[in-house]
Amino acid sequence: MTSMTGYAYEESSSENAVISVEIKSVNSRFLDLFINLPPYLNQLESFYRNKITQKVVRGKVDVYIRVKELNSDAEITVDENLAASYMQAFKKIANAAGISLKSDMIFHELLNQPGILNSNKQYDIEKYKELISPVFDKAFDKFCKDRLREGENMKKDLESKLSKLEDAAAFFLEWQPKMESIFKEQITSKFNELVGEHADQNRIMTETASMLVKYTINEEIVRLHSHIQAMKEEINTNPTPGKKLDFICMEMNREINTIGSKNQFAEVGAIVIAAKDSIENIREQSKNVE
């Protein structure tokens, strides 16, 4: 079982560059993947996207890949014609305004004009890929382990809540045969009040059977047991059970609500409330599971 939340950071330095990779994720209904790369390395996005989607099914995942170059081999060129044009423009403005231009002021302004200085560099994508990939792989491995670690904690919590549901189902199963005896006692008592101790036993049995038909919870107990077993299987065998767990919770809740609506006894009512609380906790936790 894997959590949808996780975090990892990895950094590596060489003579030419510092590479850092940061990966973090939070809950999401589907996979929402964002990868941030330096603009000149956008060609690599599909490569790292494919790596992530092979192991991540759900969650909002943000990946930041940063490259800080220590030794740049970029060629800087000067557009002399453009610089001369700017100079002429500056002089015209100064003459029109009746002010003088200082050389250091002109130099500073020229440097700030777009197009004066141009950086030309050829980027070897495969070279950058070789630099980034080991760092990415380490960060992604940490990220996956972090999600697994949190997922194991969630699994323990889910199993604890599921155990309480099993206890509730066992209580309902144990209580079911008691209902017949209690109904029979109640109906017999009412008949005795009305007609004395010589009440028609067949009539009592008929009325008891009618009450049991109306209030029996046997079918709900059977289905609840089935849902509990299904959830156990999902937790133990499905690596990405989040959506399925949520669906099973809805089915469980339906059975518990029916048991609650048929209930005539305070003892059962208390267990119904506890069971509903466990289901709600499982359902909330399932939203954190991949």
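Mentor: Two strands pair if DSSP finds at least two bridges between them, and strands are DSSP runs (E, at least two residues), as helices are (H or I, at least four), numbered from the N terminus. This is a predicted model, in which local features need pLDDT of at least 70, side-chain atom pairs count only at pLDDT 80 or more, and totals for chains, interfaces and linings use all residues. Residues are numbered from 1 along each chain as its sequence is written, and side-chain values use heavy atoms, without hydrogens and water.

Trainee: In which sense do strand β3 and β4 pair?

Mentor: Strand β3 covers residues 31-36 and is joined to β4 over six bridges. Within this pair, aspartate 32 stands opposite lysine 60. The sense is parallel.

Trainee: Which residue of β4 stands opposite glutamate 22?

Mentor: Strands β2 (residues 17-26) and β4 (residues 59-69) run antiparallel and are joined by 10 bridges. Opposite glutamate 22 stands tyrosine 64.

Trainee: Is phenylalanine 107 buried or exposed?

Mentor: Buried means under 20% relative accessible area, exposed over 50%, and partly exposed in between (1.4 Å probe, protein chains only). Phenylalanine 107 belongs to helix α3. Its relative accessibility is 52%, so phenylalanine 107 counts as exposed.

Trainee: Why do the buried residues of α8 lie on the same side?

Mentor: The buried residues of α8 include Val268, Val272, Ala275 and Ile279. An α-helix has 3.6 residues a turn, so residues three or four places apart point the same way.
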